[in-house]
Each structure stands twice: as C-alpha cells, then as structure tokens.
Amino acid sequence: MRRLTICPCTLHIRATMTSTESIAESGDQPCIRLEPLDGKNTLLPGKATPRRGTGRGPKVTANGVHDIEDRILRITGYYGYNPGYSSHRREDDLESHAETPGSETSVESQSYQTCTSIVLKVLAGLLMVLCISSSWVGTTQVVKLTFRSFSCPFFISWFSSNWNILFFPIYYSGHVVTTREKQTPIQKFRECSKLFGEDGMTLKLFVKRTAPFSILWTLTNYLYLLALKKLTATDVSALYCCHKAFVFLLSWIVLKDRFMGVRIVAAIMAITGIVMMAYADGFHGDSFVGVALAVGSASTSALYKVLFKMFLGSANLGEVAHFLSTMGFFNLIFISCVPLILYYTKVEQWGSLSSLPWGYMCGLAGLWLVFNILVHVGVVLTYPILISIGTLLSVPGNAAIDVLKHEVIFSMVRLAATCIICLGFLLLLLPEEWDSVTLRFLATIADKKSEDHGEELTESSAHTRSRSRANGAVSLPLA
C-alpha cells in the first residue's frame with residue numbers, strides 16, 4: 001500500500017492507491033478523497049467569509065463545495081479563492097451591478113453632459129463665426145472710408161500693428177478672471193516666454209524670432225490696404241481667401257504634409273478665380289495691379305502661417321498672445337522709421353497730426369485687433385473650421401454693403417471668379433479622412449436601405465400568405 005498526502009495550506013488530499021496486483025484482484029478503482037481539516041469548511045488565511053443565501057448559485061454539496069470549478073480552485077489552493085464564489089458567481093454579480101439603476105443613471109448623465117458640451121461648443125462657434133465675419137467686414141469697410149480723407153496705407157498699417165501690444169494684457173485679464181491660480185503679470189509673461197526657448201526671451205532671440213514674422217505681418221497688411229485702393233472690398237476679400245490654397249501648397253512642399261487630390265483641385269480653382277478676376281477688366285490698368293497686390297497679401301499671409309508652424313509649433317493661447325505683443329513692440333521700435341522715411345521722401349504725406357482722422361484710424365485698429373483676438377481665441381474655444389468659415393463669410397458681407405451702400409455693379413466674370421474662389425476655399429476645409437468617412441456614410445445608408453427593403457418584402461410576403469389562407473388557397477412548391 002502506498003499513501004500520498006498533499007497539504008495545500010489548510011487542506012489534506014489523501015489518495016490511496018493499491019498496487020497493480022491488488023487492483024486486479026479486488027477490481028476496485030483508485031480513490032481520491034477530499035478531507036477538510038477538522039471536518040470544517042476552512043478558508044485561506046486572511047480571506048473573506050463566503051457569501052451565501054443569494055439563491056442564484058448552484059446548490060452546496062456535502063463537503064461545502066459548489067461546482068467543479070470550486071473543486072479545482074480548492075485543490076490547487078488558488079490565491080484569493082472563496083468557496084462558492086467561482087467565476088459564475090462573479091459574472092452574476094457583475095451583471096447585477098451593471099443592471100443597477102445607479103450605473104444607468106451615471107451613463108445617462110455622462111452622455112447628457114457630453115451632448116450639452118457639444119451643443120454649447122457649436123453655439124459658441126456660430127457666435128464666433130458671426131463676430132469674426134462682422135469684424136473683418138467692418139475692418140475692410142472702415143479702410144475704404146479712411147482712404148477718402150487720408151490715403152497713407154503704410155502709416156495706417158503701422159499704426160494698426162502697434163495695437164498688437166494690447167494682446168497680452170487682454171489675455172492676462174481674461175486669465176485672471178477665469179482661473180483661480182493667480183500670477184503676477186511678470187510671472188505669467190516669463191512663463192509664456194518659454195516659446196522662445198528654455199532660457200526665455202533674450203535680445204538676440206527677440207530680434208531673431210520676431211523680425212521675420214513682424215516684417216511678413218506688415219507686408220500682408222500693407223499689400224491688403226494697397227489692393228483696397230484699386231479694387232472693391234468684395235474683390236479684395238475674395239482674393240485674400242486664396243491664402244488657404246497657398247498655405248496648403250507651402251505645407252505640402254516645405255512641411256511635407258499629406259498630399260490630397262481634392263486640395264490640389266481647390267488650389268487650381270483658386271488660381272482660376274484669380275486669373276478670371278484679373279481678366280474681368282482686361283490685363284491692364286488698376287484692376288490688374290489690384291489683383292496682383294491682393295494675391296501678394298494672401299501669399300505673405302500664407303508664408304507667415306507656415307513659418308509660424310515650422311519654427312514655433314503648436315503654441316498655446318498664452319504663448320500666442322505673448323508673441324503678438326512682442327511683434328507689436330518690435331513694430332513700434334524698429335519699423336517706426338519707415339513711415340518717417342516715406343514722409344520725408346513725399347511718398348506718403350499726412351500733414352499735421354491734428355488733421356489726421358483719428359476716429360477712423362482708431363476704429364480700424366480696434367476692429368483689426370478684435371479680429372485677430374477672435375481668430376486665435378476661437379481656435380481654442382470652438383472648432384477651427386468655423387473660424388475659417390467666418391473669414392469666408394466676409395465675402396458676401398462686403399458684397400451686400402458694396403451693392404446696397406456704394407451701388408457697385410458686378411460683372412458676370414467677377415461673380416463667377418468670386419464663386420470659384422469661395423468654392424475652392426470650402427474644398428480646402430475638408431478633413432484629411434473625408435473620403436473614407438464619406439464612403440462609410442454611403443455604405444451605412446445603402447445597408448439601411450437594403451434592410452428596410454428586406455423588411456418590406458417580408459411584410460408583403462406575410463400579408464400575401466395570410467390572404468391566401470383566408471381565401472382557402474394552397475401554395476404548392478415547384479418541383
């Protein structure tokens with residue numbers, strides 16, 4: 001006789017096996033008995049007492065074990081095992097917890113909060129679209145009014161760019177109101193200065209990083225104002241929308257962005273609209289020069305945005321406010337000499353300071369500052385596509401004012417060119433995965449239609465069978 005005893009923690013398993021000869025003689029089979037210590041249903045040390053009385057699990061056997069899985073766990077001494085608490089019991093408990101009213105309420109509240117946040121974001125975006133388009137239309141129209149009494153575009157551009165200094169103070173005021181963490185203006189300014197590097201802003205970095213962007217900013221505004229002297233506000237605002245196509249082309253060439261055929265088509269449409277706009281009055285005179293100036297303004301604007309993305313990356317709102325205020329200081333310190341040079345060379349004559357139309361100029365600079373603030377803040381608060389749509393809506397806004405107030409008559413060629421440019425602008429707003437999303441949407445619609453058609457066929461066949469039974473007809477299967 002050989003006796004094997006296995007004691008996992010608190011259990012004894014005694015297997016009594018006879019030799020081959022004795023088995024053959026007696027005809028008995030090997031016997032394995034589970035013997036708990038002291039005849040009790042003991043547990044692993046430090047484990048919880050099994051819960052009973054739920055009425056959901058299997059019935060308890062004589063030795064206190066529920067099912068085969070409990071036997072295996074009991075024999076192997078599985079850590080954390082409680083008799084009668086197998087995976088079946090745990091699955092039942094999980095299902096019972098999942099079906100509790102509290103969990104359903106929490107899921108419903110989360111979905112409600114998500115829907116509410118999306119709705120609020122969309123409403124804020126629509127309001128932002130209205131404000132952006134209104135501010136840009138107002139800026140363009142005030143420029144046209146200012147030129148009636150003061151025709152010095154570079155001085156107006158320089159004066160308006162100086163107002164960018166107010167960008168960071170306005171941002172800091174909003175930061176103090178909306179956050180509990182209070183920082184002094186100097187601390188916040190130093191924190192946002194990390195955009196220039198870990199050491200913050202030095203004189204060398206100030207000139208090196210700010211100079212090219214400030215020059216591009218000034219050129220964009222100056223060329224835009226010069227174009228407004230030659231063309232209507234509608235034509236200039238429509239041609240300026242071509243900057244989106246130029247941004248795509250530069251990003252594809254310089255930043256190695258993803259190639260998209262639809263955006264190439266949009267860029268071609270933008271170029272087509274430019275050519276048609278120049279051809280509207282013939283390739284000569286003020287019209288052609290105005291188109292060239294507007295396209296130059298769109299080009300410098302696109303170059304500014306691509307270089308900003310290349311060198312400064314994705315800066316947050318505080319860093320952008322710091323950077324624009326820094327450009328305002330650079331404009332005030334280093335570019336102030338240019339208006340003086342133009343004045344003494346008699347390129348721009350503005351007379352005495354008291355004779356300047358300060359009301360129009362301050363209104364123009366304020367609207368320009370509001371437009372820039374809304375563009376940069378709107379990207380944070382809502383969807384960026386809505387910001388672009390706000391810029392596009394300035395075209396019909398300016399057209400309505402030109403027709404109703406200035407009694408401008410647009411030719412069919414100009415209208416067609418404007419529509420082509422705007423359509424190309426909308427194509428450029430399509431996301432990168434628009435084709436796959438569209439195919440999935442169309443496939444979903446096709447599947448839904450096929451399911452509805454199958455249900456209609458099933459209902460019609462059931463109705464036909466019911467009528468056949470009512471009429472006593474019998475349908476025989478074809479052999």
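This is a predicted model: local features need pLDDT of at least 70, side-chain atom pairs count only at pLDDT 80 or more; totals for chains, interfaces and linings use all residues.
## The largest pocket

Let's start with the open space. The largest pocket comes in at a volume of about 1600 Å³. Its lining takes in 45 residues, and the ones nearest the centre are K244, V247, K305, V375 and V379. Sorted by class, that lining has 25 nonpolar residues, 13 polar ones and 7 charged ones.

Which helices each supply at least two residues of the lining? They are helix 8 (203-230), helix 10 (243-253), helix 12 (285-311), helix 13 (317-334), helix 15 (358-381), helix 16 (384-392) and helix 18 (412-428).

## Helix 6 against helix 13

Helix 13 also packs against another helix. Helix 6 spans residues 167-178, and its axis comes within 7 Å of the helix 13 axis, with a crossing angle of roughly 150 degrees. Anything over 145 degrees counts as roughly antiparallel, so that is the label for helix 6 relative to helix 13.

On the helix 6 side, the contact uses F167, F168, P169 and Y171; on the helix 13 side, the partners are L317, G318, A321, H322, L324 and S325. That set splits into 7 nonpolar and 3 polar residues, with no charged ones.

## Helix 9 against helix 17

Helix 9 (residues 233-240) and helix 17 (residues 394-404) have axes 8 Å apart and pack at about 170 degrees. That angle makes helix 9 roughly antiparallel to helix 17.

Helix 9 brings A233, T234, S237 and A238 to the contact, while helix 17 brings S394, V395, N398, A399 and D402. By class, the residues of this contact divide into 4 nonpolar, 4 polar and 1 charged.

## An aromatic link

How many aromatic pairs does the structure hold? The count is 25. One of them is Y224 with Y240, an edge-to-face pair whose ring centres sit 5.5 Å apart, with 80 degrees between the planes.

Y224 belongs to helix 8 and Y240 to helix 9, so this pair ties together parts that are 16 residues apart in sequence. Helix 8 is also among the helices that each supply at least two residues of the pocket lining, and helix 9 is the one that packs with helix 17.

Key:
Residues are numbered from 1 along each chain as its sequence is written. Side-chain values use heavy atoms; hydrogens and water are left out. Axes are lines fitted to C-alpha atoms, for helices over the stretch in contact, and angles run from 0 to 180 degrees between N-to-C directions. Helices (H or I, at least four residues) and strands (E, at least two) are DSSP runs, numbered from the N terminus. Angles under 35 degrees count as roughly parallel, over 145 as roughly antiparallel, 65 to 115 as roughly perpendicular and the rest as oblique. Contact means heavy atoms within 4.5 Å. Ala, Val, Leu, Ile, Met, Phe, Trp, Tyr, Cys and Pro count as nonpolar, Asp, Glu, Lys and Arg as charged, and the others, Gly among them, as polar. On a 1 Å grid over the protein atoms alone, a cavity is a set of points where a 1.4 Å probe fits but cannot get out, and a pocket is an open set with protein on both sides within 12 Å along at least five of seven lines; lining residues have an atom within 4 Å of a point. Grid points are joined across faces, edges and corners, and a volume is the space filled by probe spheres set on the points. Rings of Phe, Tyr and Trp (its six-membered ring) pair if their centres lie within 6.5 Å; planes under 30 degrees apart count as stacked, over 60 as edge-to-face and the rest as tilted.
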